[in-house]
Amino acid sequence: FLVSWAVAGAAPLERRDRALATLAGIVPDLDAAGLLADLVRPVPDDPHYWYQTYHHVLAHNLAAALMTGILCFLLARRRWTVAGLAFLLFHVHLLCDLLGSGGPDGGIWPVHYLYPFVKDLPVSWSGQWALNAWPNVAITAVAIALTLYLGTTRGYTPIEVISPSADREIVKAIRRWTKR
């Protein structure tokens, strides 16, 4: 979310278009909704069946990327710019997952990029680091620094996606904090 917002926030876009591009970067994780199904109705002998089976499959693919880009194109004011950013940020998410979404036990989590057209061709990388590894922490720290910088210089933060009024207050606080 923060990486997507930092890229969208750096572009000369209106709030609505920034929000669309930002949300496009987290769309792939809609397929993690299987976790909710597992909580409501676990499968006997496999309490994480829906999540393990469909996360990185249903929405982590080219078809979902194209649908996301088209939807952003239809909803945006700067259609081509936002659709392009949406497609890019969707793929940044996939790249980040390929690089660093492994399990702490060393398990590798592939992405099914050509699903549903080709169902048995997962894409993976043997060097995938764990989700809690230092590179992900470093990326998060850089994204937070960019958020603070853009909040100070441009006058908005990722909170604008949820609440413009709360965002204004946060920007005021960041500006007071950075003036010290």
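## A charge over Tyr156

Arg18 lies over the face of Tyr156, at 3.5 Å from the ring centre. The model described here is predicted.

## Aromatic pairs

A pair of aromatic rings is described by the distance of the centres and the angle of the planes. Searching the whole structure gives six aromatic pairs. One of them joins Trp5 and Tyr156. With ring centres 6.0 Å apart and planes at 85°, this pair is edge-to-face, because an angle over 60 degrees counts as such.

Trp5 belongs to helix 1 (residues 2-10), whereas Tyr156 sits in the loop between helix 7 (134-153) and helix 8 (164-178). The pair therefore ties together parts that are 151 residues apart in sequence. Both Trp5 and Tyr156 are buried. Tyr156 is thus paired with the ring of Trp5 and also has Arg18 over its face.

## The cluster around Trp50

Tyr49 and Trp50 form another edge-to-face pair, at 5.1 Å centre to centre and with 80° between the planes. Ring pairs link these two residues and Tyr54 into a cluster.

Terms used:
Residues are numbered from 1 along each chain as its sequence is written. This is a predicted model: local features need pLDDT of at least 70, side-chain atom pairs count only at pLDDT 80 or more; totals for chains, interfaces and linings use all residues. Side-chain values use heavy atoms; hydrogens and water are left out. Rings of Phe, Tyr and Trp (its six-membered ring) pair if their centres lie within 6.5 Å; planes under 30 degrees apart count as stacked, over 60 as edge-to-face and the rest as tilted. Helices (H or I, at least four residues) and strands (E, at least two) are DSSP runs, numbered from the N terminus. Buried means under 20% relative accessible area, exposed over 50%, partly exposed in between (1.4 Å probe, protein chains only). A charge sits over a ring if NZ of Lys or CZ of Arg is within 6 Å of the ring centre and within 35 degrees of the ring normal.
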